[in-house]
Amino acid sequence: MDAVAATLPPGTVRLNTKVTSICQEENGTIALEIDGQRGSIRASAVISTLPPRIVARNISFWPELSADLMALMVNKPTWMAAQAKAVAVYERPFWREKGLSGLASSWAGPLQEIHDASPDTGAGALFGFFGLPAKSRQELGEERVLKLVVEQLTRLFGPSAENITALFYKDWSSDPETAVNEDAEPLRDYPEYGPLAGTENWEKKIIFAGTETDSKYGGHLEGALRSAERAVSELMKLYSPGERAMDETNDANRL
């Protein structure tokens, strides 16, 4: 990521910056309201990679998006929103000395799947995704949840698993940039993901990407990559000379 950013002009990438409004002006230019300041960024087009629910809840549009599109975004679950992950770091991958792979699957929990995340040499690390629902994690609290994690690793890999040098925890369900309240409910079925249509009044100047907009691999990294390729392809088509000429012809015909 740093290597890609280094190829861009200074100031292109803005961190800790929140878009609160996207407005299409009379001349076709798009103005983005940043942290409550109208028009601080202007653009010819916008690609949004945020989870659809986050867009619907946190960003206003003018002209407004259709009611059908807004309802579709609100009802499209964010794949990782209810998930949480823990990483336990050790001085060495001691489980390998016992002939263990570090791979485990459990319905007793709190971690449902565990993997060896150790580097080739030096320290050892085990990471796992939780099978414990988001609401249960929130009720227990972080301290109790991590205590249960250490107890589970000790049951699986022996007393050495208690000798942790660092323990990291990420709960996406409590991240306001990832999840809304509805995402705390566990997914019972695989959601129906796919491109978000209904932006005709924006003249193709806003494109929704992100893994939840890919119909084949929605929710996975491959879905995010495919959606990025689709978004860039749409943008290149929009600004290709042939496309612009066709749009100008259509405008002339309407006149």
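Colleague: Why is R96 called partly exposed?

Modeller: R96 has a relative accessible area of 39%. Buried means under 20%, exposed means over 50%, and partly exposed is in between, using a 1.4 Å probe and protein chains only. The value for R96 falls in between, so R96 is partly exposed. A word on the source: this is a predicted model, where local features need pLDDT of at least 70, side-chain atom pairs count only at pLDDT 80 or more, and totals for chains, interfaces and linings use all residues. Residues are numbered from 1 along each chain as its sequence is written, and side-chain values use heavy atoms, with hydrogens and water left out.

Colleague: What makes R96 and D116 a salt bridge?

Modeller: Their closest N and O atoms are 3.0 Å apart. A salt bridge needs a side-chain nitrogen of Lys or Arg within 4 Å of a carboxyl oxygen of Asp or Glu, so this pair qualifies. R96 lies in helix α4 (residues 94-97) and D116 in strand β8 (residues 111-116), 20 residues apart. Helices (H or I, at least four residues) and strands (E, at least two) are DSSP runs, numbered from the N terminus. D116, at 23% relative accessibility, is partly exposed.

Colleague: How many salt bridges are there in the structure?

Modeller: There are 11. Among them is R92 with E97, at 2.6 Å from N to O. R92 is partly exposed at 41%, while E97 is exposed at 56%. Another one joins D171 and R137 at 2.9 Å. D171 is in strand β10 and R137 in helix α5 (residues 134-140), so this bridge ties together parts that are 34 residues apart in sequence. Both D171 and R137 are buried.

Colleague: Why is the pair of Y90 and W95 called edge-to-face?

Modeller: Rings of Phe, Tyr and Trp (its six-membered ring) pair if their centres lie within 6.5 Å; planes under 30 degrees apart count as stacked, over 60 as edge-to-face and the rest as tilted. The structure holds 10 aromatic pairs. For Y90 and W95 the centres are 5.9 Å apart and the planes 75 degrees apart, so the pair is edge-to-face. Y90 is buried at 2%, and W95 is buried at 0%. Together with F94 and F157, Y90 and W95 form one aromatic cluster.

Colleague: How do you know that the charged end of K85 sits over the ring of F127?

Modeller: The charged end of K85 is 4.4 Å from the ring centre of F127. The rule asks for NZ of Lys or CZ of Arg within 6 Å of the ring centre and within 35 degrees of the ring normal, so the distance meets its limit.

Colleague: Which backbone atoms does the side chain of T211 reach?

Modeller: It reaches the backbone nitrogen of G219 at 2.7 Å and the backbone oxygen of H220 at 2.8 Å. T211 is found in the loop between β11 (206-208) and α7 (221-238). At 14% relative accessibility, T211 is buried.

Colleague: Why does the span of helix α6 agree with its 16 residues?

Modeller: The expected span is 1.5 Å times one less than the number of residues. For α6 (residues 142-157) this should be 22 Å, and its end C-alpha atoms are 22 Å apart, which agrees. After α6 comes G158, whose phi is positive, near 100 degrees.

Conventions
Polar contact = N/O pair within 3.5 Å; in protein donor to acceptor, adjacent residues only side chain to side chain.
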